[in-house]
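Here are some notes on the pockets of this protein, written as numbered points for you to follow alongside the model. Please keep the sequence and the 3D view open together while you read.

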Amino acid sequence: MMSIRQRREIRATEVSEDFPAQEENVKLENKLPSGCTSRRLWKILSLTIGGTIALCIGLLTSVYLATLHENDLWFSNIKEVEREISFRTECGLYYSYYKQMLQAPTLVQGFHGLIYDNKTESMKTINLLQRMNIYQEVFLSILYRVLPIQKYLEPVYFYIYTLFGLQAIYVTALYITSWLLSGTWLSGLLAAFWYVTNRIDTTRVEFTIPLRENWALPFFAIQIAAITYFLRPNLQPLSERLTLLAIFISTFLFSLTWQFNQFMMLMQALVLFTLDSLDMLPAVKATWLYGIQITSLLLVCILQFFNSMILGSLLISFNLSVFVARKLQKNLKTGSFLNRLGKLLLHLFMVLCLTLFLNNIIKKILNLKSDEHIFKFLKAKFGLGATRDFDANLYLCEEAFGLLPFNTFGRLSDTLLFYAYIFVLSITVTVAFVVAFHNLSDSTSQQSVGKMEKGTVNLKPETAYNLIHTILFGFLALSTMRMKYLWTSHMCVFASFGLCSPEIWELLLKSVHLYNPKRICIMRYSVPILILLYLCYKFWPGMMDELSELREFYDPDTVELMNWINSNTPRKAVFAGSMQLLAGVKLCTGRTLTNHPHYEDSSLRERTRAVYQIYAKRAPEEVHALLRSFGTDYVILEDSICYERRHHRGCRLRDLLDIANGHMMDGPGENDPDLKPADHPRFCEEIKRNLPPYVAHFTRVFQNKTFHVYKLSRNK
């Protein structure tokens, strides 16, 4: 290899002596281009193969989930009303707006109907685009109108195929994230296989298609993949700008499609704050990501007609507090270990206080109460005080908002995912502690973030980000089962990355004095291949059996109810009942509702508590007056709620109402000392006896094994 040195006189003998060496250097230089070309060709081949596999596995997952949905319901063969009923609870409510947009004579009238809606909440005109995250339904309805596909594809299939198509993007993004972290597409393949074989715990799209998270999580996965690439050191300026654009677009779409986006991004902001404070992340890149989060939320806020819940989010208050605290503590990353630790604790305290202060100020200015039920729920959940609040208890008693069931780990262990995850997590956490201690102890060094002296451990910024991400979302999933889908999918990514990571195997082999470059290569490829073979051997027959198992949608009582409503009630009739059932009434019949499952509004929560008095111990006159105050014409009573056995005593809906009303609960068991016997029997039971006080206000007009419909009298 050529080198530069100071010139000196050359003698004839030296020329002859140096000539062979120069000849060898020329030969070596002639060989370098061919070596570089080979490496470049190998890289292109690897990218082509890996990219093709990513697309194929994403499409196959999409087809697999769509087939399960078809086989479970026989969706292609059932009636339209049955298809719509299959969109349970809030899913039906969201789909109804897609249907409403398609049925509108023009797009302008469709938009007008959403902005000035008076059928979702009776006696009120609300802006649905402000209240709910339904821009995806608007966009799809426009696409269906514009594209020449009406003759070949029914609207419902266009809708569900879009959601299943997003699942292909979701799995591809998980694949790419794992590939970026490990450096091999084999890692991405293993992540995708784990996602599919752990389907019960990684997704629920096949039976809750229109749910907001099924729209949002694919964009969230894209954002994580883009952040993982963005945190790589020494990116070219063009690559960095394009990656920032990808992060912004995916963050914006994630925020636009899910009402809980601010809480998920707050977790991300905490990840960035932790890594920035411990010098594991370039401060400039953290600032860019904070800014993108705020900008995305503000854009969504504008699109949602300045939704106050967004402006009053903890995320905006936290990110602004971080910026302010940085300005106030400019020398945060200097000094000895104890000095820096003290500054770090002060910084943390300052950010926390500023966040709470800003958030309270914003909420008082905006008079914001939309999210207070969430904080009441969290306070009660973590034992910060018992509550009789109906809304908080309604969440506490739902299994989805309870702790993650222990049998989840058994299922994850059957696929070896949980074992691999714990193995990788324990190693990376140990490395993170070492790196954090080193960074805090050696603040004067000029080393780049994520790198340390040769011979010591190091943690790349992108690996550190995904480590803290998986830990925080793991705690979230453990505390709230519904959020497990955010964790388990990333668990697949993190476990597969670790098994294919040369750094992980190098550290492990060095610790047992077996380090050898060839052994690293063998371990990082053989272990994932063996796991892939195991997954194919154990789960392939079961997946084939699952695909061959044919079921059919069957809910004759609900179908009968919807058909009766369509045939026997006025188009402008107002219906009261449970939130879940009324979403189906809105979708299948288009009738006006008193309440619905989109619970992020304080006035709606008050409405729901009032309507639910039909299952409490209240006088018929009181119930009639409450229902008529919302313009109710018909009320639907469900035996499954009135005589509920699904929940234990204290968590049945009728128990929650009794407690909130200060009444003693039914059945054997203890009651709080201050609860008193009710003055009236339970309304939903007593009304069936057709006693004069009830007949005077309510007339039964429909009945089957599940539902009882009563028409309200208009007398005062």
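1. Which helices each supply at least two residues of the lining of the second largest pocket? In this predicted model, they are helix 12 (261–277), helix 15 (314–328), helix 16 (337–366), helix 17 (372–381) and helix 21 (461–479). Helix 12 gives the most to this lining, with seven residues.

2. The second largest pocket has a volume of about 860 Å³, and of the 28 residues that line this pocket, Phe263, Leu266, Met267, Leu314 and Leu378 are the closest to its centre. When its lining residues are sorted by class, 23 are nonpolar and five are polar, while no charged residue is found there.

3. Turning to the largest pocket, its volume is about 1400 Å³, and its lining is made up of 43 residues, with Thr89, Glu398, Met579, Gln580 and Arg646 lying nearest the centre. The elements that give two or more residues to this lining include helix 3 (89–103), helix 18 (390–396) and helix 25 (556–568), and also helix 26 (579–589), helix 29 (639–642) and helix 30 (653–660).

4. The lining of the largest pocket contains 23 nonpolar residues, together with 10 polar and 10 charged ones.

Conventions:
Residues are numbered from 1 along each chain as its sequence is written. This is a predicted model: local features need pLDDT of at least 70, side-chain atom pairs count only at pLDDT 80 or more; totals for chains, interfaces and linings use all residues. Side-chain values use heavy atoms; hydrogens and water are left out. On a 1 Å grid over the protein atoms alone, a cavity is a set of points where a 1.4 Å probe fits but cannot get out, and a pocket is an open set with protein on both sides within 12 Å along at least five of seven lines; lining residues have an atom within 4 Å of a point. Grid points are joined across faces, edges and corners, and a volume is the space filled by probe spheres set on the points. Helices (H or I, at least four residues) and strands (E, at least two) are DSSP runs, numbered from the N terminus. Ala, Val, Leu, Ile, Met, Phe, Trp, Tyr, Cys and Pro count as nonpolar, Asp, Glu, Lys and Arg as charged, and the others, Gly among them, as polar.
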